[in-house]
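Let's take a friendly walk through this model, starting at the ligand and then moving to the nonpolar cores.

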Amino acid sequence: MNERPTMIEFQDVHKYYGDYHALRGINATIKAGEFFSLLGPSGCGKTTLLRTIAGFEEISSGAVLIDGKHMEGVPANQRPTNMVFQSYAIFPHLTVEENVGFGLRRERLAKDVLARRVGEALEMVGLKGYGARGAHALSGGQRQRVALARALILKPKVLLLDEPLSALDKKMREQMQVELIKLQRQVGITFILVTHDQEEALVMSDRIAVMFEGEIAQLADPETLYRRPNSRKVADFIGTMNFMPASVVSESGGRIEVDTQGFGRVEIDAAQAPGATTGNGTSIGFRPETLTVLFEGQVAADRECMATIEEVVYFGDMTYYDVRLDGMQTPVRISMRNVFGRPVLDIGTRTRVAWSPGALVLFR
Ligand SMILES: Nc1ncnc2c1ncn2[C@@H]1O[C@H](COP(=O)(O)OP(=O)(O)OP(=O)(O)O)[C@@H](O)[C@H]1O
Ligand SMILES: [Mg+2]
């Protein structure tokens, strides 16, 4: 990823709406050809930031650069970007090919050239043969593909996608996620996706900026965000994280000794404390799948402790156990992949639980 040139650069970008401080010093670079996501809760500023790239929103201070050029004063229609909106803004009274060719109408292309370009764009989004159909006679997913084709036909350097899949049902959304990834690899354009769906961001992105209240809280690849979140807030927003009260005993040579409520004294690597001190108290975090309920005769690969099962949620392929580790006041969640022939344990069962110091994250 490092060898790719920079496509977008935010330099200390601030945006005020009247008194409201919507973007609070955004610094980030997005690389050419990257699938980049802006992820965060409603109102955190994702759409605002996307619109500053598109040129639909003037910034209050700082700078936005696209492909090395300052964008101040450059109107939206002269930027090498194109935007696809949440509510697929296609024209229902036009045909599919008229919709897709809409952006090219000013170029006054020869009929056969236009037809070829429209055909190529439709093929890219899996709508070959749909050109003559009225746009009103399409499913939600197909309409969104028309909107994509219409954006892609202009060959932008950057495609901006503001929650483009949120109006689709779950099945269609998952299918379109896979197709969008394939499409992005195929065309090689920089995609910037806005979503408040953490799974969607994890599945699709090369890198993700997690935003809260107008700021980027963490910018990293999906695995780093999931395994090494830099704050409890990021950890909580992405997937499920268990937290356990803890205190730091000593720190030296890249090792940190921590006293935990449920696992006792444990030594971890400094890389397992990726965040700055927030002053919100010290705790250890761990994901549900990093613990394992041990069945009779099973040996823990690493460490083990005793626990009581307090809740069982059966999902077919998975079972979630809420267990109270001996010495802890609140239960923690363990997710286990179900294996054919192995029973699901009942509430109240005493069990051994395997855990691993390497899977712990320290927040303080
Ligand atoms: N034109 C505007 N005038 C005043 N305030 C605005 C304007 N546009 C957005 N805001 C405010 O700025 C903040 C960020 O809005 P934005 O639309 O960027 O959020 P978002 O992260 O895209 O949220 P969502 O997930 O709900 O779409 C919100 O508090 C919003 O109310
Ligand atoms: Mg938005």
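This is a predicted model: local features need pLDDT of at least 70, side-chain atom pairs count only at pLDDT 80 or more; totals for chains, interfaces and linings use all residues.

## Around ligand 1

Residues are numbered from 1 along each chain as its sequence is written, chains are lettered from A and ligands numbered from 1 in the order written, and side-chain values use heavy atoms, with hydrogens and water left out.

## Oxygen contacts and cover

One is 3.0 Å from a backbone N or O atom of G45, one is 3.2 Å from a polar backbone atom of C44, and one is 3.4 Å from a side-chain N or O atom of Y20. On its own, ligand 1 has 640 Å² of accessible area, and the protein covers 58% of that (Shrake-Rupley method, 1.4 Å probe).

## The nonpolar cores

The largest nonpolar core holds 32 residues, with V100, L148 and L159 making the most contacts inside it. Such a core is a set of buried Ala, Val, Leu, Ile, Met, Phe, Trp, Tyr and Cys residues joined through side-chain atoms within 4.5 Å; buried means under 20% relative accessible area (1.4 Å probe, protein chains only). Helix 4 gives the most to this core, six residues (helices are DSSP runs of H or I, at least four residues, numbered from the N terminus).

Beyond its neighbours within four places in sequence, L148 contacts V84, V125, L159, L161, M176, L180 and L183 (heavy atoms within 4.5 Å). A second, separate core has 28 residues, including I268, C305, V323 and V332.

Terms used
A polar contact is a pair of N or O atoms within 3.5 Å; within protein, one must be able to donate a hydrogen and the other to accept it, and residues adjacent in sequence count only if both atoms are side-chain atoms. Buried means under 20% relative accessible area, exposed over 50%, partly exposed in between (1.4 Å probe, protein chains only). Helices (H or I, at least four residues) and strands (E, at least two) are DSSP runs, numbered from the N terminus.
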